[in-house]
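New notebook page. I want to get my bearings in this one before anything else.

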Amino acid sequence: MTLRVGMVGTGWFGRMHAEKLSKMDDIHVSAFCGTSKEKAEAAALPFNDAKGYDSITEMLDDRKLDAVYICVPPFAHGETELALVERGIPFLVEKPIGLDVETPAAIAEAVERSGLITSAGYHFRYMEGTERARELLKERTALMALGYWMGSMPGVYWWRKIDGSGGQFVEQTTHIVDLLRYLMGEVTEVYAAYGNRIMASKEEGVTVPDVGTVTLKLASGAVATISNTCGIQGGDRAGLHIYTDQGVLELGSDGGLKDLRSNTKTEYLSGNDPYQAENEAFLHAIRTGDTSRIRSSYADAWLTHKVTIAANQSAETGLPVKL
Ligand SMILES: NC(=O)c1ccc[n+]([C@@H]2O[C@H](COP(=O)([O-])OP(=O)(O)OC[C@H]3O[C@@H](n4cnc5c(N)ncnc54)[C@H](O)[C@@H]3O)[C@@H](O)[C@H]2O)c1
């Protein structure tokens with residue numbers, strides 16, 4: 001059976017997902033919804049018989065869809081998800097799922113009530129290195145972790161505005177927070193310090209902090225710090241290093257894993273495409289009702305989002321926030 005998929009968002013990632021989907025068997029990319037009909041029609045053009053819309057209601061009324069991918073900036077969530085829940089159409093939503101607490105809380109409640117199949121774009125969970133780390137951690141005790149997202153500022157206009165993206169920790173470093181939760185369990189408390197070093201004076205309209213360090217306590221008793229900057233040229237590293245009772249596990253954004261013990265160093269290179277694995281898991285769930293391959297549902301993404309929002313609150317008040 002061919003699944004008809006609609007895309008919301010006509011930017012970089014909506015197109016990226018649409019291209020990957022269009023190469024899969026029995027998938028038809030049928031519709032795009034964007035901020036203008038013109039942009040949506042242009043995005044739809046490469047896909048046979050796909051149509052463009054500027055309203056989610058119009059798209060869902062006009063085309064019978066089996067699934068929708070939501071690839072919009074953090075500020076633009078809400079209406080789309082609630083319309084899909086109302087019509088019972090499964091969705092995959094790109095991270096982060098919002099930039100505040102209220103909108104994702106309302107969506108999470110509606111999703112839970114409906115029992116809808118959902119997936120969130122935390123693709124680090126689908127990397128082979130992550131899978132390997134999960135296996136190794138079954139035999140080890142994770143003591144603490146250090147996480148990083150050290151890079152430059154993305155070019156899109158909304159990213160540099162706190163009311164557009166929520167800032168780097170919410171928008172980008174959320175991947176590392178999610179990885180920490182996936183590998184080491186729930187976070188119970190956060191304390192954050194953010195700063196504005198150079199980006200606001202260097203570029204027009206920057207209202208996001210450009211450095212930050214967040215200390216996290218976990219339910220297991222482990223602790224972590226996750227740091228980020230969007231102020232360095234060319235970028236440095238993004239990843240999570242886990243210190244265990246039997247060596248260090250270093251996960252990088254390339255999906256590889258280094259297992260460093262006192263006298264051995266084992267390196268696992270990632271061979272898979274995590275976005276493809278994420279798509280397959282979601283589409284398999286829609287076809288069969290078996291959601292077991294989906295590694296991040298909306299409900300799970302909501303827990304990660306709450307940690308990043310708590311970090312923003314802590315940075316603002318100067319006080320630790322308990323979750
Ligand atoms: N998982 C990943 O590795 C990854 C990588 C890149 C981007 N993303 C996420 O994907 C999302 C989109 O990022 P992008 O790089 O494609 O941004 P982008 O700016 O290139 O595109 C966003 C699109 O959303 C559209 N849009 C805005 N408001 C809308 C609304 N209310 N309804 C419909 N469309 C609307 C814009 O017109 C634009 O076409 C972000 O949340 C980002 O974090 C995830």
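Here are my entries, starting with the ground rules.

I'm working with a predicted model, where local features need pLDDT of at least 70 and side-chain atom pairs count only at pLDDT 80 or more, while totals for chains, interfaces and linings use all residues. Residues are numbered from 1 along each chain as its sequence is written, and side-chain values use heavy atoms, with hydrogens and water left out.

**Domains.** I looked up how the protein chain is divided: domain 1 is 3-122 + 275-294 and domain 2 is 124-272 + 305-322. Those bounds come from an automatic or database domain assignment. I found 26 Å between the two centres, taken over C-alpha atoms. For contact (heavy atoms within 4.5 Å), I noted 19 residues of domain 1 against 18 residues of domain 2.

**Ligand shell.** Which residues are closest to the ligand? I got Thr10, Phe13, Lys95, Trp158 and Glu171, out of 23 residues that surround the ligand; a residue counts if one of its heavy atoms lies within 4 Å. Domain 1 and domain 2 each give at least three residues to this shell. I sorted the shell into 11 nonpolar, 8 polar and 4 charged residues, with Gly counted as polar and Tyr as nonpolar.

**Polar contacts.** I looked for pairs of N or O atoms within 3.5 Å. A polar side-chain atom of Thr35 lies 3.1 Å from a ligand oxygen, and one of Tyr275 lies 3.2 Å from a ligand oxygen. Val72 uses a polar backbone atom, 3.3 Å from an oxygen of the ligand.

**Burial.** Taken alone the ligand exposes 850 Å², and the protein buries 84% of that (Shrake-Rupley method, 1.4 Å probe).

Technical notes. A polar contact is a pair of N or O atoms within 3.5 Å; within protein, one must be able to donate a hydrogen and the other to accept it, and residues adjacent in sequence count only if both atoms are side-chain atoms.
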